[in-house]
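Please look over the structure below, and then work through the questions and answers that come after it.

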Amino acid sequence: MRFAARADMDLPIDTAFDRLSDFAAFERIAAKRGVEVERTGKAGDADAWHLKFRLRGKLRAMALTLDRCDRPEALAFLGESKSFSLHGVITLIALSRTRTRLGTEIDVRPRTLSGRLFLQSMRLVKS
């Protein structure tokens, strides 16, 4: 199942990319919202995280990896959990020197029957 959105920002593309690639800030935000975040990537390696969070009353775990970082145009992530695999892409397009279009696409694929049922309910909510 694919989720997509886009928004225009009043920021130069370099500033927007710097904010989106501030992973330490996102780790702090996730921790404040109850997500256990453990950075598993080391200096020189690809950035990677192990996440634990509650979704629909169950504790879930996910491994998330930064797959691609094309400064200042794109970031791509791969995620794996017991029930799902996902591929997310964030793209930035400079509209002018001070405006940037942010596009996000997340493709979620079920790996189990329970994952398939969850995505089916998401399809109903999405439409």
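Q: In what order do the strands of the open sheet lie, and which are the edge strands?
A: This is a predicted model, in which local features need pLDDT of at least 70, side-chain atom pairs count only at pLDDT 80 or more, and totals for chains, interfaces and linings use all residues. Residues are numbered from 1 along each chain as its sequence is written, and side-chain values use heavy atoms, with hydrogens and water left out. The 7 strands pair antiparallel in the order β1-β7-β6-β5-β4-β3-β2, where strands are DSSP runs (E, at least two residues; helices are H or I, at least four) numbered from the N terminus, and two strands pair if DSSP finds at least two bridges between them. Pairing on one side only marks the edge strands, which are β1 (2–9) and β2 (36–39).

Q: How many bridges join β6 to β7?
A: These strands are linked by a hairpin through 5 residues, and they run antiparallel. Within the pair, Leu86 has Val108 as its bridge partner in β7, while Ile90 stands opposite Thr104. The number of bridges that join β6 to β7 is 11.

Q: What angle does helix α1 make with β6?
A: Helix α1 (residues 13–20) lies across β1, β4, β5, β6 and β7, contact meaning heavy atoms within 4.5 Å. Axes are lines fitted to C-alpha atoms, for helices over the stretch in contact, and angles run from 0 to 180 degrees between N-to-C directions. On that basis, α1 runs to β6 at about 155°.

Q: Which strand gives the most to the lining of the largest pocket?
A: A pocket here is an open set of points on a 1 Å grid over the protein atoms alone, where a 1.4 Å probe fits and protein lies on both sides within 12 Å along at least five of seven lines, and lining residues have an atom within 4 Å of a point. The largest pocket holds about 1200 Å³ of space, the volume being that filled by probe spheres set on the points, which are joined across faces, edges and corners. Of its 38 lining residues, the closest to the centre are Leu51, Phe53, Met62, Leu64 and Leu86. With 6 residues, the strand that gives the most is β4.
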